[in-house]
Amino acid sequence: MQKLKQELQKLGSLTLFFFISFSYILLVMKLLLKGYAIDFFVLSKTIVGALVAAKVVALLDISPWLNRFRQAPRYVSILYKTLFYTAGVFLLGSLEGVIHGLGQTGSLTGAVGAFLREENFYQFFAFMLCMAVVFLLHNIGREINLYLGKGQLFALFFDRP
């Protein structure tokens, strides 16, 4: 029961972090697009994205692939994990675009062509850069928490001096 409680707390804190981060990114995008009179509402996408990102990060954290640089300097581990997570988002985003194109065209080659024609790559890469920063901040926070000791980073910011 204690292990389940710890896992739920971990997922909850990860979800909250990603929700706040994604909300910030989407708020900036919304404000930039408002100048062109483009409105969009993506609260549900933010919530689902935060839940998915938290679960994926929690699962990947226990995999041997992400812990391969545990003995290296901390910055190597941080950069490796950031690149790994960002590459995963890139692959999933590309796959989502191809699947959307598959629904429109009915063939894989047509789907890839539709994805390449219709995707706004400037916007896609801007989103990827934002995601890389979110993952970088997450990984830096995790390494600082490991260095200080479990719960000490939280105490540093939220306990009274």
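I started with charged pairs, and the count comes to 2 salt bridges (a side-chain nitrogen of Lys or Arg within 4 Å of a carboxyl oxygen of Asp or Glu). Before going on, I noted that this is a predicted model, where local features need pLDDT of at least 70, side-chain atom pairs count only at pLDDT 80 or more, and totals for chains, interfaces and linings use all residues. I also noted that residues are numbered from 1 along each chain as its sequence is written, and that side-chain values use heavy atoms, with hydrogens and water left out.

**Entry: the salt bridges**

Which side chains meet Glu 143 in a salt bridge? I found Arg 70, at 3.5 Å from N to O. Glu 143 lies in helix α5 and Arg 70 in the loop between α2 and α3, so this pair ties together parts that are 73 residues apart in sequence. The helices here are DSSP runs (H or I, at least four residues; strands are E, at least two), numbered from the N terminus.

I found Arg 74 as well, at 2.9 Å from N to O. That pair links Arg 74 in helix α3 with Glu 143 in helix α5, 69 residues apart. Through shared partners, Arg 70, Arg 74 and Glu 143 join into one network.

Is Glu 143 buried or exposed? I looked up its relative accessible area and got 4%, so Glu 143 is buried (buried is under 20%, exposed over 50%, partly exposed in between, with a 1.4 Å probe and protein chains only). Arg 70 is partly exposed at 32%, and Arg 74 is partly exposed at 37%.

**Entry: Asn 139**

I stayed in helix α5, where Asn 139 also lies. Asn 139 is buried, with a relative accessible area of 1%. Its side chain has a polar contact of 3.3 Å with the side chain of His 138 (a pair of N or O atoms within 3.5 Å; within protein, one must be able to donate a hydrogen and the other to accept it, and residues adjacent in sequence count only if both atoms are side-chain atoms). Leaving aside neighbours within four places in sequence, I see Asn 139 in contact (heavy atoms within 4.5 Å) with Ile 78, Lys 81, Thr 82 and Tyr 85.

**Entry: the nonpolar core**

Next I checked the largest nonpolar core, which has 19 residues (a set of buried Ala, Val, Leu, Ile, Met, Phe, Trp, Tyr and Cys residues joined through side-chain atoms within 4.5 Å). Leu 14, Phe 18, Phe 22, Val 57, Tyr 85 and Phe 135 touch the most other members. At least two residues each come from α1 (2-34), α2 (43-61), α3 (74-105) and α5 (121-148). Which helix gives the largest share? I found that α2 does, with 6 residues.

Not counting residues up to four places away in sequence, Phe 18 touches Ala 50, Ala 53, Ala 54, Val 57, Val 134, Phe 135 and His 138.

**Entry: aromatic rings**

My search of the whole structure gave 11 aromatic pairs (rings of Phe, Tyr and Trp, the last by its six-membered ring, with centres within 6.5 Å; planes under 30 degrees apart are stacked, over 60 edge-to-face, the rest tilted). Phe 17 and Phe 18 form an edge-to-face pair, 5.3 Å centre to centre with 70 degrees between the planes. Phe 17 is partly exposed at 28%. I also noted that Phe 17, Phe 18, Phe 22, Tyr 85 and Phe 135 form one aromatic cluster.
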